[in-house]
Amino acid sequence: MRYLTLIIGLLITYISFGQIEKKDVYDLPIPKNLESCFDILDKTLTDKEIDIAKNYPEDSIYFNKEFKYGADFFHAWKLYEGSRLTEYFNKQGLFGSHEIYETILISYHRYLNNIPIDLNKQIDKYKAKQEEENQEYLKRLELDSINGVYIPKDIKDCFITLDSMLSKSDIDSIKSLSDREETIKYHLGFGMWLRNNWGLWGGSRLQKYFLDRDIKHPDSMSALILKYYYDWLHDDNKEWMKFDEK
């Protein structure tokens, strides 16, 4: 038994000695360029993550469960907060935290496999895609309906549209709330429908109307629609009319 214990102990010591101790990416400086990313990834990614980055098809790595929710380096390098690494990619013409994240993964895959990285070609692909998406977004801003759903052009048009699309019982339910703040109860139900179908996420003339009035988040847009609609139902028009004049 003593010999077995000794053998196991020696085996554990051998395995531990043979492994390279990984560092915590949060303890290391944020890289200043793409090349400096690779050395840090070598030192901080787990063996499993490196194996996936090396051996998976490069367009699949981003969607693997080890990476799709953002590996530690995504957060440590503050790709969404304008870090020096983000600024480096922005100067190359690449924007968007997830686009930068995927570019790093694909480039690391090529580095591990001694394949030319072709950063400029990668960026051109994203720029073309972003330009196509931007043109589609601009088109949506001009449409009076999207996917068969009428898009109100301003806050008053929202009220008129809601009056026509809601049943009397639904209108009465909103009107019977004790105050406008109680419209929050509709945030995850009817409010979500408004955000998805009136283009408050994907772009629409109504989204632009709110953006022009410095309301930037779709949640805030749908909340204002419901609050002001409550006021509309109670003939209290001062606040929403002032908002509309901005």
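Glu181 and Lys227 pair through their side chains in a salt bridge, 3.4 Å from N to O (a salt bridge being a side-chain nitrogen of Lys or Arg within 4 Å of a carboxyl oxygen of Asp or Glu). Glu181 sits in the loop between helix H9 (168-175) and helix H10 (190-197) and Lys227 in helix H12 (residues 218-233), so the pair ties together parts 46 residues apart in sequence. Helices are DSSP runs of H or I with at least four residues, numbered from the N terminus.

This is a predicted model, in which local features need pLDDT of at least 70 and side-chain atom pairs count only at pLDDT 80 or more, while totals for chains, interfaces and linings use all residues. Residues are numbered from 1 along each chain as its sequence is written, and side-chain values use heavy atoms, with hydrogens and water left out.

Glu181 is partly exposed at 43% relative accessibility, and Lys227 is partly exposed at 22%. Here buried means under 20% relative accessible area, exposed over 50%, and partly exposed in between (1.4 Å probe, protein chains only).

Helix H12 also holds Asp219, whose partner Arg195 lies in helix H10, so this pair ties together parts 24 residues apart in sequence. The closest N and O atoms of Asp219 and Arg195 are 3.3 Å apart. Asp219 is partly exposed at 27%, whereas Arg195 is buried at 4%.

A further salt bridge joins Lys22 and Asp47, with 3.8 Å between the closest N and O atoms. Lys22 is partly exposed at 32%, and Asp47 is exposed at 56%.

Arg180, Asp231 and Glu239 form a network of salt bridges. The structure holds eleven salt bridges.

How values were computed
Helix = DSSP H or I, 4+ residues; strand = E, 2+ residues; numbered from the N terminus.
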